[in-house]
Amino acid sequence: MAMTKCRECGGEVSTKAEACPKCGAKRKTNTGCGTLIGVAVLIVIALAFIGQCSSNTSSPTTSSAAQSNTTPSVTAAVAQPQASTPIPATAPQPGSQWDYREDKDPMGKGSAYFASVLSTNTVNFGFPYSGAQHGTLTLRTHPRYGKDVILSIERGQFLCPSYDGCTVLVRFDEGKAIRYSAAGAADNSTETIFIRGYSSFVGHLEKSKRVRISANVYQEGAPVFEFDVSGFDPAKYKPGK
């Protein structure tokens, strides 16, 4: 039997005794290491069990959150439209800038034929004719008035009276400028002049792609109008002629 000293009187006391037989002081017993280890193991097992339960409970939420976070990306990828293939621009048909027209003569003399084209450039005159405007070149074959080359503007005053006439410069492609005589309209309107020399003018025009015409305009000098005359079609101008 093992013996130990009493902490009160110093007498010998059995390690199994609960009190000192001399002084009666209760002996303090130490908890065994095995007991402490057992308690520690129980605590660890309990904590592990609680953690496992907590993990099982939170797993569905985490999975749902992950699915929630990834679903929009998949949806966006599916919903994203594919880039469309650009449609190439259709090139204009040669001669499509020309406007051909046939008018019946009100006096019953037959038909008047017209071929017109707008200038590729614009001019801008001062007040009261301000604002960008095109010039118009027209070929006309009329049963009563004959054949004419007509240059007209939307607003302004050509300096070319019908009783006196004027001169205009015409350049076909890159050739030398040619002087043509012209006359104003018989009704004295100032937006139109008639260029003489129809056969010469049309002969040059049919061989050209571009025509430039310079004519005097009141207080505006002699502006130049450029016309794309490529693709002119005499058969559309005067069908059956």
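1. The chain holds three helices and 13 strands, where helices (H or I, at least four residues) and strands (E, at least two) are DSSP runs numbered from the N terminus. This is a predicted model, in which local features need pLDDT of at least 70 and side-chain atom pairs count only at pLDDT 80 or more, while totals for chains, interfaces and linings use all residues. Residues are numbered from 1 along each chain as its sequence is written, and side-chain values use heavy atoms, with hydrogens and water left out.

2. Of the 241 residues in the chain, 28% are buried, a term that means under 20% relative accessible area (1.4 Å probe, protein chains only).

3. Six aromatic pairs turn up in a search of the whole structure; rings of Phe, Tyr and Trp (its six-membered ring) pair if their centres lie within 6.5 Å, and planes under 30 degrees apart count as stacked, over 60 as edge-to-face and the rest as tilted. Trp 98 and Tyr 100 are stacked, because their ring centres are 6.4 Å apart and their planes stand at 20°. Trp 98 is buried, at a relative accessible area of 5%, and one aromatic cluster is formed by Trp 98, Tyr 100, Phe 232 and Tyr 237.

4. The rings of Phe 172 and Phe 201 have centres 5.4 Å apart and planes at 70°, so this pair is edge-to-face. Since Phe 172 belongs to strand S9 (residues 166-172) and Phe 201 to helix H2 (residues 198-205), the pair ties together parts that are 29 residues apart in sequence. Phe 172 counts as buried at 7% relative accessibility, and Phe 201 is buried with a relative accessible area of 0%.

Conventions
Buried < 20%, exposed > 50% of the residue type's maximum accessible area, 1.4 Å probe, protein only.
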